[in-house]
Amino acid sequence: MNWRARFSEMVSAVLIALLVGCGEAPAASDDGGGDATTADASGDGDGDGDGDGDGDGDGDGDGEPRPAVPQPPDAEDLDPAPNVVEVALVAAPATLTIHGESVDGYAYNGSTPGPTIRAKVGDTLRVQVTNDLEVPTTIHWHGLKTPWNMDGVTWKQSPIDPGATFEYTFTLSQAGTFWYHPHFDTARQVDLGLYGALIVEDPAEPAVDHDWVFVMDSWAEDANEPQHGLHGSDMRWTVNGVEDGVLEIPDAGSTRMRFVNVANAGYLELDWPGTRQVAAGQGVLAAPKDALEVLVPGDRLDLERFDAAGGSVDVTAVASSPYGQTEVEPAQRLMTVASPPTAPATSAWAFSGATPTPDPLYTDIVYSLQGDVSTDTWAINGEQFPDITPYAVPMSTWQVIEVRNISFSAHPFHMHGLVMEVLSVDGEPPAVQTMVDTFNVGIAQTVRFGVLADNEGEWMTHCHILPHAEGGMMTVLVVAP
Ligand SMILES: [Cu+2]
(Lines give C-alpha, C1' and ligand atoms only; values in the text may rest on other atoms or scores of the structure.)
Protein backbone atom coordinates (compact mmCIF):
# COMPACT_ATOMS: atom_id res chain seq x y z
CA MET A 1 0.00 0.00 0.00
CA ASN A 2 1.34 3.36 -0.99
CA TRP A 3 0.57 5.34 2.13
CA ARG A 4 2.31 8.37 0.74
CA ALA A 5 -0.23 8.64 -2.02
CA ARG A 6 -2.99 8.00 0.46
CA PHE A 7 -1.88 10.68 2.84
CA SER A 8 -1.27 13.24 0.18
CA GLU A 9 -5.01 13.38 -0.18
CA MET A 10 -6.12 12.32 3.25
CA VAL A 11 -8.43 14.53 5.17
CA SER A 12 -9.03 13.57 8.74
CA ALA A 13 -10.76 16.48 10.34
CA VAL A 14 -14.46 16.57 9.63
CA LEU A 15 -16.96 19.09 10.85
CA ILE A 16 -20.53 18.10 11.36
CA ALA A 17 -22.78 21.10 11.16
CA LEU A 18 -26.45 20.80 11.71
CA LEU A 19 -28.60 22.62 9.20
CA VAL A 20 -32.26 23.22 9.73
CA GLY A 21 -34.24 21.39 7.12
CA CYS A 22 -37.27 22.66 5.33
CA GLY A 23 -39.91 20.09 6.18
CA GLU A 24 -41.99 18.90 9.04
CA ALA A 25 -41.65 15.74 11.01
CA PRO A 26 -42.50 12.50 9.27
CA ALA A 27 -44.71 10.18 11.21
CA ALA A 28 -43.03 8.81 14.27
CA SER A 29 -42.02 5.19 14.42
CA ASP A 30 -41.65 3.15 17.55
CA ASP A 31 -38.01 2.17 17.42
CA GLY A 32 -36.17 5.40 16.94
CA GLY A 33 -34.59 4.14 13.79
CA GLY A 34 -37.81 3.67 11.98
CA ASP A 35 -38.56 2.24 8.64
CA ALA A 36 -37.84 4.02 5.44
CA THR A 37 -39.55 7.35 5.44
CA THR A 38 -42.55 6.56 3.34
CA ALA A 39 -45.20 8.08 5.58
CA ASP A 40 -46.18 11.62 4.75
CA ALA A 41 -47.21 13.46 7.87
CA SER A 42 -46.15 16.79 6.52
CA GLY A 43 -48.98 17.66 4.24
CA ASP A 44 -46.61 18.59 1.45
CA GLY A 45 -47.90 15.72 -0.58
CA ASP A 46 -44.66 14.19 -1.74
CA GLY A 47 -44.63 11.41 0.75
CA ASP A 48 -41.46 12.24 2.59
CA GLY A 49 -42.10 15.34 4.57
CA ASP A 50 -39.20 17.36 3.28
CA GLY A 51 -41.11 19.46 0.82
CA ASP A 52 -38.66 18.98 -2.02
CA GLY A 53 -41.24 17.28 -4.15
CA ASP A 54 -39.25 14.29 -5.35
CA GLY A 55 -40.64 11.92 -2.81
CA ASP A 56 -37.38 10.63 -1.37
CA GLY A 57 -36.35 13.43 0.90
CA ASP A 58 -32.84 13.85 -0.41
CA GLY A 59 -33.63 16.79 -2.57
CA ASP A 60 -31.86 15.41 -5.61
CA GLY A 61 -34.94 14.37 -7.50
CA ASP A 62 -33.79 10.81 -8.08
CA GLY A 63 -36.82 9.27 -6.40
CA GLU A 64 -34.73 6.84 -4.33
CA PRO A 65 -36.16 6.43 -0.84
CA ARG A 66 -33.72 7.25 1.93
CA PRO A 67 -32.94 4.42 4.33
CA ALA A 68 -33.73 4.57 8.02
CA VAL A 69 -30.74 4.86 10.33
CA PRO A 70 -30.94 1.52 12.14
CA GLN A 71 -29.65 0.55 15.56
CA PRO A 72 -27.02 -2.21 15.55
CA PRO A 73 -28.39 -5.47 16.97
CA ASP A 74 -27.91 -6.01 20.70
CA ALA A 75 -25.67 -8.96 21.56
CA GLU A 76 -27.54 -11.85 23.13
CA ASP A 77 -26.57 -12.59 26.73
CA LEU A 78 -26.07 -16.36 26.78
CA ASP A 79 -25.66 -16.66 30.55
CA PRO A 80 -28.78 -16.28 32.72
CA ALA A 81 -26.77 -15.28 35.81
CA PRO A 82 -27.60 -11.68 36.73
CA ASN A 83 -24.02 -10.47 37.04
CA VAL A 84 -22.56 -12.32 34.07
CA VAL A 85 -22.84 -11.27 30.45
CA GLU A 86 -21.74 -13.94 28.01
CA VAL A 87 -21.55 -13.19 24.32
CA ALA A 88 -20.46 -15.23 21.30
CA LEU A 89 -18.83 -13.35 18.45
CA VAL A 90 -17.80 -14.86 15.14
CA ALA A 91 -15.45 -12.79 12.97
CA ALA A 92 -15.95 -13.82 9.36
CA PRO A 93 -15.90 -12.51 5.82
CA ALA A 94 -19.14 -10.81 4.89
CA THR A 95 -20.66 -9.11 1.91
CA LEU A 96 -21.49 -5.59 2.98
CA THR A 97 -23.64 -3.06 1.19
CA ILE A 98 -22.00 0.34 1.24
CA HIS A 99 -23.25 3.18 -0.94
CA GLY A 100 -25.51 0.63 -2.65
CA GLU A 101 -22.54 -1.45 -3.74
CA SER A 102 -21.58 -4.92 -2.58
CA VAL A 103 -18.28 -4.89 -0.73
CA ASP A 104 -16.14 -7.84 0.32
CA GLY A 105 -15.64 -7.02 3.98
CA TYR A 106 -15.59 -8.54 7.43
CA ALA A 107 -18.26 -8.62 10.13
CA TYR A 108 -18.96 -9.87 13.64
CA ASN A 109 -21.98 -12.22 13.59
CA GLY A 110 -22.72 -11.02 10.08
CA SER A 111 -23.32 -7.44 11.16
CA THR A 112 -21.34 -4.23 10.60
CA PRO A 113 -21.38 -2.55 13.08
CA GLY A 114 -21.18 -5.70 15.17
CA PRO A 115 -23.63 -6.44 17.97
CA THR A 116 -23.79 -3.89 20.76
CA ILE A 117 -22.67 -5.51 24.01
CA ARG A 118 -24.56 -4.14 27.00
CA ALA A 119 -23.56 -4.83 30.60
CA LYS A 120 -23.34 -2.99 33.90
CA VAL A 121 -20.56 -2.02 36.25
CA GLY A 122 -19.42 -4.99 38.32
CA ASP A 123 -20.55 -7.56 35.77
CA THR A 124 -18.25 -10.28 34.55
CA LEU A 125 -18.04 -10.14 30.77
CA ARG A 126 -17.23 -13.32 28.86
CA VAL A 127 -16.86 -13.13 25.10
CA GLN A 128 -16.20 -16.26 23.05
CA VAL A 129 -14.52 -15.12 19.87
CA THR A 130 -14.37 -17.53 16.97
CA ASN A 131 -12.07 -16.61 14.13
CA ASP A 132 -13.59 -17.62 10.81
CA LEU A 133 -11.32 -15.25 8.92
CA GLU A 134 -8.48 -16.47 6.73
CA VAL A 135 -6.03 -14.52 8.89
CA PRO A 136 -5.29 -14.23 12.63
CA THR A 137 -7.23 -11.68 14.64
CA THR A 138 -7.80 -10.39 18.20
CA ILE A 139 -10.28 -8.17 20.01
CA HIS A 140 -9.19 -5.09 21.94
CA TRP A 141 -11.65 -3.48 24.36
CA HIS A 142 -11.07 0.18 23.70
CA GLY A 143 -11.14 2.31 26.84
CA LEU A 144 -11.49 -0.55 29.33
CA LYS A 145 -9.02 -1.45 32.07
CA THR A 146 -8.82 -5.17 31.38
CA PRO A 147 -6.17 -7.59 32.63
CA TRP A 148 -3.22 -7.35 30.27
CA ASN A 149 -3.72 -10.85 28.85
CA MET A 150 -7.28 -9.86 27.87
CA ASP A 151 -6.25 -6.64 26.08
CA GLY A 152 -6.17 -8.24 22.64
CA VAL A 153 -2.72 -7.06 21.64
CA THR A 154 0.00 -9.21 20.14
CA TRP A 155 2.93 -7.51 21.84
CA LYS A 156 4.36 -10.69 23.45
CA GLN A 157 1.01 -12.53 23.07
CA SER A 158 -0.44 -14.67 20.30
CA PRO A 159 -3.42 -13.75 18.16
CA ILE A 160 -6.40 -16.05 17.57
CA ASP A 161 -5.52 -18.29 14.63
CA PRO A 162 -7.96 -18.97 11.80
CA GLY A 163 -10.48 -21.57 12.95
CA ALA A 164 -9.67 -21.08 16.63
CA THR A 165 -11.82 -19.77 19.48
CA PHE A 166 -10.62 -17.70 22.42
CA GLU A 167 -12.57 -16.58 25.47
CA TYR A 168 -11.98 -13.08 26.74
CA THR A 169 -13.17 -12.62 30.30
CA PHE A 170 -12.82 -9.78 32.75
CA THR A 171 -14.79 -7.74 35.28
CA LEU A 172 -16.19 -4.38 34.21
CA SER A 173 -15.10 -1.63 36.59
CA GLN A 174 -15.87 1.47 34.49
CA ALA A 175 -19.16 2.88 33.20
CA GLY A 176 -19.31 4.49 29.78
CA THR A 177 -19.41 4.02 26.04
CA PHE A 178 -16.63 1.75 24.83
CA TRP A 179 -16.02 -0.23 21.66
CA TYR A 180 -14.30 -3.36 20.49
CA HIS A 181 -12.16 -4.02 17.42
CA PRO A 182 -9.18 -6.14 16.31
CA HIS A 183 -5.70 -5.08 17.37
CA PHE A 184 -3.90 -7.26 14.85
CA ASP A 185 -3.53 -6.11 11.26
CA THR A 186 -5.59 -3.36 12.77
CA ALA A 187 -5.98 -0.74 10.05
CA ARG A 188 -7.08 -3.33 7.49
CA GLN A 189 -9.38 -5.39 9.72
CA VAL A 190 -11.13 -2.35 11.22
CA ASP A 191 -11.35 -0.91 7.72
CA LEU A 192 -13.16 -3.97 6.50
CA GLY A 193 -15.88 -3.70 9.12
CA LEU A 194 -14.80 -5.34 12.39
CA TYR A 195 -16.06 -3.08 15.17
CA GLY A 196 -18.93 -2.78 17.62
CA ALA A 197 -20.04 -0.79 20.67
CA LEU A 198 -19.71 -1.96 24.27
CA ILE A 199 -21.91 -0.12 26.75
CA VAL A 200 -21.32 -0.39 30.47
CA GLU A 201 -24.19 1.06 32.44
CA ASP A 202 -24.02 2.32 35.99
CA PRO A 203 -27.27 1.77 37.90
CA ALA A 204 -26.54 5.04 39.70
CA GLU A 205 -26.84 6.94 36.42
CA PRO A 206 -30.22 8.07 35.07
CA ALA A 207 -32.22 5.44 33.21
CA VAL A 208 -33.23 6.97 29.88
CA ASP A 209 -36.15 6.11 27.63
CA HIS A 210 -33.95 5.81 24.54
CA ASP A 211 -30.33 4.66 24.72
CA TRP A 212 -29.04 4.74 21.15
CA VAL A 213 -25.68 4.01 19.57
CA PHE A 214 -24.34 5.73 16.45
CA VAL A 215 -21.25 4.09 15.03
CA MET A 216 -19.62 6.50 12.59
CA ASP A 217 -17.33 5.24 9.85
CA SER A 218 -15.95 6.74 6.69
CA TRP A 219 -15.63 4.57 3.61
CA ALA A 220 -13.61 5.13 0.47
CA GLU A 221 -15.17 6.45 -2.71
CA ASP A 222 -14.32 3.11 -4.28
CA ALA A 223 -16.06 0.85 -1.81
CA ASN A 224 -14.05 -2.16 -2.92
CA GLU A 225 -10.85 -0.37 -1.92
CA PRO A 226 -10.26 -1.80 1.55
CA GLN A 227 -8.52 1.27 2.94
CA HIS A 228 -11.65 3.22 3.66
CA GLY A 229 -11.26 5.86 6.29
CA LEU A 230 -7.95 7.01 4.92
CA HIS A 231 -9.69 9.03 2.27
CA GLY A 232 -11.36 11.48 4.59
CA SER A 233 -11.68 13.68 1.54
CA ASP A 234 -14.01 11.13 -0.01
CA MET A 235 -16.57 12.16 2.59
CA ARG A 236 -18.51 8.94 2.46
CA TRP A 237 -19.50 8.64 6.10
CA THR A 238 -21.95 6.02 7.28
CA VAL A 239 -24.03 6.05 10.47
CA ASN A 240 -24.59 2.49 11.68
CA GLY A 241 -23.67 1.36 8.18
CA VAL A 242 -26.12 3.67 6.40
CA GLU A 243 -25.16 6.65 4.30
CA ASP A 244 -27.47 9.68 4.31
CA GLY A 245 -30.27 8.00 6.23
CA VAL A 246 -33.20 9.31 8.23
CA LEU A 247 -33.42 9.05 12.01
CA GLU A 248 -36.91 9.35 13.41
CA ILE A 249 -37.22 10.39 17.04
CA PRO A 250 -40.42 8.56 18.01
CA ASP A 251 -41.51 10.52 21.07
CA ALA A 252 -40.48 13.03 23.71
CA GLY A 253 -38.80 10.44 25.91
CA SER A 254 -35.40 11.11 27.47
CA THR A 255 -32.37 10.18 25.38
CA ARG A 256 -28.74 9.15 25.62
CA MET A 257 -27.19 9.10 22.15
CA ARG A 258 -23.79 7.46 22.15
CA PHE A 259 -21.47 8.30 19.24
CA VAL A 260 -18.44 6.15 18.45
CA ASN A 261 -15.94 7.22 15.79
CA VAL A 262 -14.50 4.00 14.37
CA ALA A 263 -12.95 5.61 11.27
CA ASN A 264 -9.31 4.99 10.58
CA ALA A 265 -8.49 8.63 10.26
CA GLY A 266 -11.57 10.85 10.01
CA TYR A 267 -12.37 13.48 12.61
CA LEU A 268 -15.99 14.41 13.32
CA GLU A 269 -17.12 17.69 14.80
CA LEU A 270 -20.64 17.33 16.11
CA ASP A 271 -23.14 20.16 16.32
CA TRP A 272 -26.65 18.99 16.97
CA PRO A 273 -28.74 21.97 18.12
CA GLY A 274 -30.99 21.14 21.03
CA THR A 275 -28.51 18.64 22.43
CA ARG A 276 -25.73 18.80 24.97
CA GLN A 277 -22.86 16.46 25.71
CA VAL A 278 -23.35 14.66 29.01
CA ALA A 279 -20.74 11.93 28.85
CA ALA A 280 -17.59 10.88 27.02
CA GLY A 281 -15.57 7.70 26.67
CA GLN A 282 -14.92 7.44 30.39
CA GLY A 283 -18.49 8.11 31.45
CA VAL A 284 -20.49 11.08 32.71
CA LEU A 285 -18.63 14.38 32.43
CA ALA A 286 -17.76 16.57 35.41
CA ALA A 287 -19.89 19.24 33.71
CA PRO A 288 -22.04 19.13 30.56
CA LYS A 289 -20.84 20.78 27.35
CA ASP A 290 -22.88 22.76 24.88
CA ALA A 291 -20.10 23.65 22.47
CA LEU A 292 -19.05 21.93 19.26
CA GLU A 293 -17.30 18.72 20.06
CA VAL A 294 -14.63 17.08 17.93
CA LEU A 295 -14.85 13.31 17.99
CA VAL A 296 -11.44 11.95 17.06
CA PRO A 297 -10.83 8.42 15.75
CA GLY A 298 -11.39 5.91 18.55
CA ASP A 299 -13.20 8.33 20.84
CA ARG A 300 -16.82 8.51 22.02
CA LEU A 301 -19.29 11.14 23.23
CA ASP A 302 -22.84 10.92 24.55
CA LEU A 303 -25.46 13.56 23.75
CA GLU A 304 -28.79 14.24 25.43
CA ARG A 305 -31.66 15.97 23.63
CA PHE A 306 -33.16 18.76 25.72
CA ASP A 307 -34.88 21.03 23.21
CA ALA A 308 -37.68 20.54 20.71
CA ALA A 309 -36.42 20.87 17.19
CA GLY A 310 -39.98 20.26 16.03
CA GLY A 311 -39.13 19.27 12.49
CA SER A 312 -36.31 17.78 10.53
CA VAL A 313 -32.71 18.81 10.74
CA ASP A 314 -29.82 17.71 8.56
CA VAL A 315 -26.60 16.51 10.13
CA THR A 316 -23.83 17.34 7.70
CA ALA A 317 -20.07 16.91 7.65
CA VAL A 318 -17.60 19.47 6.39
CA ALA A 319 -14.14 18.23 5.62
CA SER A 320 -10.99 19.81 6.88
CA SER A 321 -7.53 18.37 7.03
CA PRO A 322 -5.28 16.98 9.74
CA TYR A 323 -2.59 19.15 8.28
CA GLY A 324 -4.26 22.45 9.05
CA GLN A 325 -6.47 23.07 6.02
CA THR A 326 -10.19 23.49 6.53
CA GLU A 327 -13.26 22.95 4.40
CA VAL A 328 -11.48 21.32 1.53
CA GLU A 329 -14.57 19.47 0.33
CA PRO A 330 -18.28 20.27 0.05
CA ALA A 331 -20.39 19.22 3.00
CA GLN A 332 -21.89 15.74 3.11
CA ARG A 333 -25.25 15.21 4.77
CA LEU A 334 -24.83 12.37 7.27
CA MET A 335 -28.45 11.94 8.24
CA THR A 336 -31.68 13.83 8.70
CA VAL A 337 -33.22 13.80 12.15
CA ALA A 338 -36.99 14.08 12.40
CA SER A 339 -38.45 14.79 15.82
CA PRO A 340 -41.87 15.52 17.27
CA PRO A 341 -42.58 19.16 18.14
CA THR A 342 -42.48 18.61 21.89
CA ALA A 343 -39.52 19.14 24.16
CA PRO A 344 -38.02 15.83 25.25
CA ALA A 345 -37.78 14.74 28.84
CA THR A 346 -34.34 15.25 30.36
CA SER A 347 -32.45 13.32 32.99
CA ALA A 348 -30.96 14.33 36.34
CA TRP A 349 -27.28 13.74 35.59
CA ALA A 350 -24.94 13.78 38.56
CA PHE A 351 -22.25 16.06 37.16
CA SER A 352 -19.56 16.10 39.82
CA GLY A 353 -18.16 19.53 39.03
CA ALA A 354 -14.76 18.14 40.06
CA THR A 355 -11.81 20.40 39.38
CA PRO A 356 -8.71 19.15 37.58
CA THR A 357 -5.83 17.75 39.58
CA PRO A 358 -3.26 20.57 39.79
CA ASP A 359 -0.32 20.02 37.46
CA PRO A 360 2.66 19.17 39.69
CA LEU A 361 4.94 20.69 37.05
CA TYR A 362 7.38 17.81 37.05
CA THR A 363 7.44 15.26 34.26
CA ASP A 364 7.99 11.51 34.48
CA ILE A 365 7.56 10.54 30.85
CA VAL A 366 7.89 12.50 27.62
CA TYR A 367 6.45 11.28 24.33
CA SER A 368 7.42 13.32 21.28
CA LEU A 369 5.11 12.59 18.35
CA GLN A 370 7.09 12.83 15.16
CA GLY A 371 6.48 12.13 11.53
CA ASP A 372 7.00 13.06 7.95
CA VAL A 373 3.99 13.06 5.68
CA SER A 374 6.15 12.98 2.56
CA THR A 375 7.85 9.74 3.59
CA ASP A 376 4.95 8.41 5.65
CA THR A 377 7.25 7.80 8.58
CA TRP A 378 5.80 8.05 12.09
CA ALA A 379 7.59 7.73 15.40
CA ILE A 380 7.49 8.38 19.15
CA ASN A 381 10.74 9.65 20.64
CA GLY A 382 12.50 8.76 17.40
CA GLU A 383 11.51 5.10 17.64
CA GLN A 384 9.18 3.15 15.37
CA PHE A 385 7.19 0.26 16.77
CA PRO A 386 8.17 -2.51 17.40
CA ASP A 387 11.75 -1.24 17.72
CA ILE A 388 11.02 0.65 20.92
CA THR A 389 12.41 1.28 24.39
CA PRO A 390 9.43 1.07 26.75
CA TYR A 391 9.16 3.22 29.84
CA ALA A 392 8.59 1.10 32.96
CA VAL A 393 6.85 2.49 36.05
CA PRO A 394 5.98 0.89 39.40
CA MET A 395 2.44 -0.21 40.17
CA SER A 396 0.24 2.25 42.09
CA THR A 397 2.33 5.31 41.28
CA TRP A 398 1.07 8.57 39.81
CA GLN A 399 2.84 9.40 36.56
CA VAL A 400 2.95 12.69 34.70
CA ILE A 401 3.16 12.19 30.96
CA GLU A 402 3.92 15.04 28.59
CA VAL A 403 2.97 14.48 24.94
CA ARG A 404 4.55 16.91 22.50
CA ASN A 405 3.33 16.92 18.92
CA ILE A 406 6.20 18.12 16.78
CA SER A 407 4.78 16.78 13.53
CA PHE A 408 2.60 18.44 10.91
CA SER A 409 -0.46 16.33 11.64
CA ALA A 410 -2.83 16.07 14.58
CA HIS A 411 -2.77 12.76 16.49
CA PRO A 412 -5.47 11.18 18.68
CA PHE A 413 -3.31 9.82 21.51
CA HIS A 414 -4.63 6.56 22.97
CA MET A 415 -3.47 4.55 25.96
CA HIS A 416 -4.49 0.97 26.74
CA GLY A 417 -5.22 -0.38 30.20
CA LEU A 418 -5.04 2.93 32.09
CA VAL A 419 -7.16 6.07 32.30
CA MET A 420 -5.54 9.45 31.76
CA GLU A 421 -6.51 12.77 33.34
CA VAL A 422 -5.85 15.84 31.22
CA LEU A 423 -3.72 18.21 33.30
CA SER A 424 -3.20 20.87 30.67
CA VAL A 425 -3.27 21.67 26.96
CA ASP A 426 -0.49 24.10 26.05
CA GLY A 427 -0.27 25.03 29.71
CA GLU A 428 -4.00 25.64 30.20
CA PRO A 429 -5.81 23.28 32.57
CA PRO A 430 -9.28 22.13 31.50
CA ALA A 431 -12.28 23.85 33.10
CA VAL A 432 -13.26 20.68 34.94
CA GLN A 433 -11.70 17.30 35.59
CA THR A 434 -11.34 15.45 32.27
CA MET A 435 -10.76 11.69 32.24
CA VAL A 436 -9.87 10.14 28.89
CA ASP A 437 -8.40 7.13 27.13
CA THR A 438 -8.11 8.91 23.76
CA PHE A 439 -7.28 12.62 23.40
CA ASN A 440 -6.39 14.73 20.41
CA VAL A 441 -2.97 16.35 20.39
CA GLY A 442 -3.08 19.08 17.76
CA ILE A 443 -0.26 20.26 15.56
CA ALA A 444 2.48 21.83 17.72
CA GLN A 445 0.45 21.22 20.89
CA THR A 446 1.76 19.93 24.20
CA VAL A 447 -0.70 17.99 26.34
CA ARG A 448 0.14 16.88 29.88
CA PHE A 449 -1.64 13.90 31.42
CA GLY A 450 -1.72 12.46 34.91
CA VAL A 451 -1.99 8.67 35.00
CA LEU A 452 -2.45 6.42 38.03
CA ALA A 453 -0.52 3.25 37.13
CA ASP A 454 -3.07 0.94 38.75
CA ASN A 455 -3.16 -1.90 36.22
CA GLU A 456 -0.19 -4.21 35.79
CA GLY A 457 0.80 -4.92 32.21
CA GLU A 458 2.61 -3.80 29.09
CA TRP A 459 0.20 -1.26 27.68
CA MET A 460 0.18 -0.12 24.09
CA THR A 461 0.31 3.65 23.71
CA HIS A 462 -0.30 4.95 20.22
CA CYS A 463 -1.89 7.29 17.74
CA HIS A 464 -5.43 6.16 16.81
CA ILE A 465 -5.10 7.30 13.23
CA LEU A 466 -4.52 3.64 12.47
CA PRO A 467 -2.17 4.12 9.50
CA HIS A 468 -0.03 6.35 11.74
CA ALA A 469 0.10 3.57 14.33
CA GLU A 470 1.04 1.03 11.68
CA GLY A 471 3.55 3.52 10.34
CA GLY A 472 5.37 3.32 13.67
CA MET A 473 3.65 5.78 16.02
CA MET A 474 3.18 3.27 18.83
CA THR A 475 5.07 2.41 21.99
CA VAL A 476 4.53 0.51 25.26
CA LEU A 477 4.20 1.69 28.86
CA VAL A 478 5.10 -1.08 31.29
CA VAL A 479 3.39 -1.07 34.69
CA ALA A 480 5.54 -3.39 36.76
CA PRO A 481 4.64 -5.01 40.12
CU1 LIG B 1 -1.39 10.17 14.20
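Leu198 touches Ile117, Trp141, Phe178, Trp179 and Tyr180, leaving aside residues up to four places away in sequence; contact here requires C-beta atoms, placed from the backbone, within 7 Å. Please note that this is a predicted model, in which local features need pLDDT of at least 70, side-chain atom pairs count only at pLDDT 80 or more, and totals for chains, interfaces and linings use all residues. Residues are numbered from 1 along each chain as its sequence is written.

Which residues touch the most other members of the largest nonpolar core? They are Leu198 and Met216, in a core of 109 residues. Such a core is a set of buried Ala, Val, Leu, Ile, Met, Phe, Trp, Tyr and Cys residues joined through C-beta atoms within 7 Å. Buried denotes 20 or more other C-beta atoms within 10 Å of the residue's own, exposed 12 or fewer, and partly exposed anything in between, with C-beta atoms placed from the backbone. The core lies between domain 1 (1–33 + 68–348) and domain 2 (365–480), because both give residues to it; the bounds come from an automatic or database domain assignment.

I turn to the strands, which are DSSP runs of E with at least two residues, numbered from the N terminus. Two of them pair if DSSP finds at least two bridges between them. An open sheet of four strands has the order S4-S9-S8-S6, with mixed pairing. Its edge strands, S4 (117–120) and S6 (140–142), each pair on one side only. Neighbouring strands of this sheet are turned by 25° against each other on average, direction ignored, the axes being lines fitted to C-alpha atoms. S4 runs parallel to S9 (residues 196–201), joined by four bridges, and Arg118 stands opposite Ile199 in S9.

Met216 brings us to another pairing. Met216 stands opposite Val239 in S11. Strand S10 (residues 210–219) and S11 are antiparallel and share four bridges. Both faces of S11 (residues 236–239) are covered, with Arg236 and Thr238 buried on one side and Trp237 and Val239 buried on the other.

Strand S28 (residues 438–441) is also covered on both faces: Thr438 and Asn440 are buried on one side, Phe439 and Val441 on the other. Four bridges join S28 to S25 (residues 411–415) in antiparallel fashion, and Phe413 stands opposite Phe439.

Finally, Arg404 belongs to strand S24 (residues 398–405). Arg404 counts as partly exposed because it has 17 C-beta neighbours inside 10 Å. Its contacts beyond four places in sequence are Val366, Ser368, Leu369 and Thr446. Between Arg404 and Leu369, the sequence separation is 35 residues and the C-alpha to C-alpha distance 6.0 Å.

Key:
Axes fitted to C-alpha atoms, helices over the stretch in contact; angles between N-to-C directions. Contact = placed C-beta atoms within 7 Å.
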